[in-house]
Amino acid sequence: VLNAAKQALQGSGCGCQPLTVAVRHISFSPRQVTSDASFHSVSFSETDHPKVLITGGLGQLGVGLANLLRKRFGNNNVILSDIRKPPSHVFHSGPFIYSDILDYKNLREIVVNNRITWLVHYSALLSAVGEANVSLARSVNITGLHNILDIAAEHGLRLFVPSTIGAFGPSSPRNPTPDLCVQRPRTIYGVSKVHAELMGEYYHHRYGLDFRCLRYPGIISADSQPGGGTTDYAVQIFHDAVKTGKFECNLKPDTRLPMMYIDDCLRATLEVMEAPAESLSMRTYNINAMSFMPEELVAEVQKQLPDMQVTYKVDHVRQAIADSWPMNFDDSNARKDWGWKHDYDLPELVQTMLNFIGSDSRIARAN
Ligand SMILES: NC(=O)c1ccc[n+]([C@@H]2O[C@H](COP(=O)([O-])OP(=O)(O)OC[C@H]3O[C@@H](n4cnc5c(N)ncnc54)[C@H](O)[C@@H]3O)[C@@H](O)[C@H]2O)c1
Ligand SMILES: C[C@@H](O)[C@H](N)C(=O)O
């Protein structure tokens with residue numbers, strides 16, 4: 001097997017197409033290059049429901065994605081996993097399993113025992129917490145990703161890894177930022193996400209891995225808390241506006257960043273996972289919905305809650321990160337290739353968030 005791969009590599013000159021073909025036919029896998037590699041591979045028929053594993057599923061996005069996928073594929077076909085203890089309503093809503101992505105054997109056992117066919121890899125340390133703990137971020141975001149890539153390649157999984165507006169840096173064009181341009185981020189989070197994009201695309205070309213990646217903007221959700229990012233203010237404002245009528249913003253009022261309501265983000269994730277491979281001219285796409293500054297978000301919230309008081313106390317770490325990120329995101333390739341279309345602009349986002357959090361806190365007060 002190794003000789004065949006080597007010959008293909010030497011024969012191809014540039015190491016491109018002939019190698020890819022040879023590798024796909026011989027089930028060559030990166031970590032486990034043995035004759036039993038094909039024994040592990042799962043054949044996934046498009047008529048079957050996928051069996052999905054979500055890593056890092058107890059963060060801001062995972063539970064919402066599990067709910068969406070369970071509606072589509074059935075409750076038992078979507079397994080949430082994390083290293084944290086799930087709250088009772090999550091534990092009782094469908095399959096949950098402990099999984100540390102740094103434990104390769106445990107991951108492999110879960111994939112094999114549950115006949116997983118799709119892997120959605122959400123575990124990560126986000127931009128601000130990553131800067132506070134670079135060594136842990138490097139380990140989870142980079143070493144963890146290597147485990148995920150190898151497991152996915154060895155078992156023939158369709159793999160989704162989210163990237164981010166944070167994969168761009170100060171030398172990238174910021175207004176707008178296209179899919180393909182200079183990427184020199186200055187955070188460990190951004191560096192790890194560029195690494196993930198490149199490694200996923202490399203495994204796709206080298207081993208035939210069905211890797212799919214969307215660069216998410218800042219995601220805004222009502223019933224889940226953000227995990228320590230630069231865009232967190234755009235979630236916090238709604239909770240503080242409803243609960244206290246006061247909000248202290250940690251970014252300057254004129255800091256423009258791309259943002260998206262969670263329902264759009266999760267739908268985009270399902271859509272790109274279901275898109276026919278022929279429709280994907282790339283494996284990593286920008287997606288976007290809106291772009292705003294704190295002062296614009298404040299003005300929109302004040303249309304509903306005119307008494308809300310806002311002060312600004314800048315967090316210099318977050319501000320420096322935000323100042324290096326895209327202001328507007330060009331997602332025209334996603335729109336053209338697989339029909340991406342967002343539903344929520346700023347007014348609908350604000351209305352939806354306030355309705356959700358407002359009714360939640362009315363219920364809490366009544367109990
Ligand atoms: N939320 C956003 O605004 C946003 C924007 C762009 C991209 N993304 C990406 O989407 C993904 C999900 O984001 P999120 O906001 O839900 O993140 P989050 O920080 O809220 O959750 C991440 C989860 O990963 C888990 N985790 C940490 N170490 C782990 C380990 N060793 N093994 C297994 N799990 C581990 C944590 O316990 C946590 O529940 C991330 O990859 C993130 O980079 C998020
Ligand atoms: C933008 C995104 O990757 C995340 N919300 C962060 O701010 O770190």
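**Exercise 1.** In this predicted model, is glutamate 296 buried, exposed or partly exposed?

*Solution.* Start with the cut-offs: buried means under 20% relative accessible area and exposed means over 50%, with partly exposed in between. Glutamate 296 has 28% relative accessibility, so it counts as partly exposed. Now look at its partner: glutamate 296 forms a salt bridge with arginine 256, and their closest N and O atoms are 3.0 Å apart. This pair links distant parts of the chain, 40 residues apart: glutamate 296 sits in helix α12, arginine 256 in the loop between β9 and β10.

**Exercise 2.** Which parts does the salt bridge between arginine 215 and glutamate 197 tie together?

*Solution.* First, find the contact: the closest N and O atoms of arginine 215 and glutamate 197 are 2.7 Å apart. Next, place each residue: arginine 215 belongs to strand β7 and glutamate 197 to helix α9, so the bridge ties together parts that are 18 residues apart in sequence.

**Exercise 3.** How many residues surround ligand 1, and which are the closest?

*Solution.* Count the shell: 26 residues surround the ligand, with Gln60, Asp82, Arg84, Tyr189 and Lys193 the closest. Sort them by type: 13 are nonpolar, nine polar and four charged. Then turn to individual atoms. The side chain of arginine 84 places an N or O atom 2.9 Å from an oxygen atom of ligand 1, while a polar side-chain atom of serine 123 is 3.1 Å from a nitrogen atom of the ligand.

Key
Residues are numbered from 1 along each chain as its sequence is written. Chains are lettered from A and ligands numbered from 1 in the order in which they are written. This is a predicted model: local features need pLDDT of at least 70, side-chain atom pairs count only at pLDDT 80 or more; totals for chains, interfaces and linings use all residues. Side-chain values use heavy atoms; hydrogens and water are left out. A residue is near a molecule or strand if one of its heavy atoms lies within 4 Å of it. A polar contact is a pair of N or O atoms within 3.5 Å; within protein, one must be able to donate a hydrogen and the other to accept it, and residues adjacent in sequence count only if both atoms are side-chain atoms. Ala, Val, Leu, Ile, Met, Phe, Trp, Tyr, Cys and Pro count as nonpolar, Asp, Glu, Lys and Arg as charged, and the others, Gly among them, as polar. A salt bridge is a side-chain nitrogen of Lys or Arg within 4 Å of a carboxyl oxygen of Asp or Glu. Helices (H or I, at least four residues) and strands (E, at least two) are DSSP runs, numbered from the N terminus. Buried means under 20% relative accessible area, exposed over 50%, partly exposed in between (1.4 Å probe, protein chains only).
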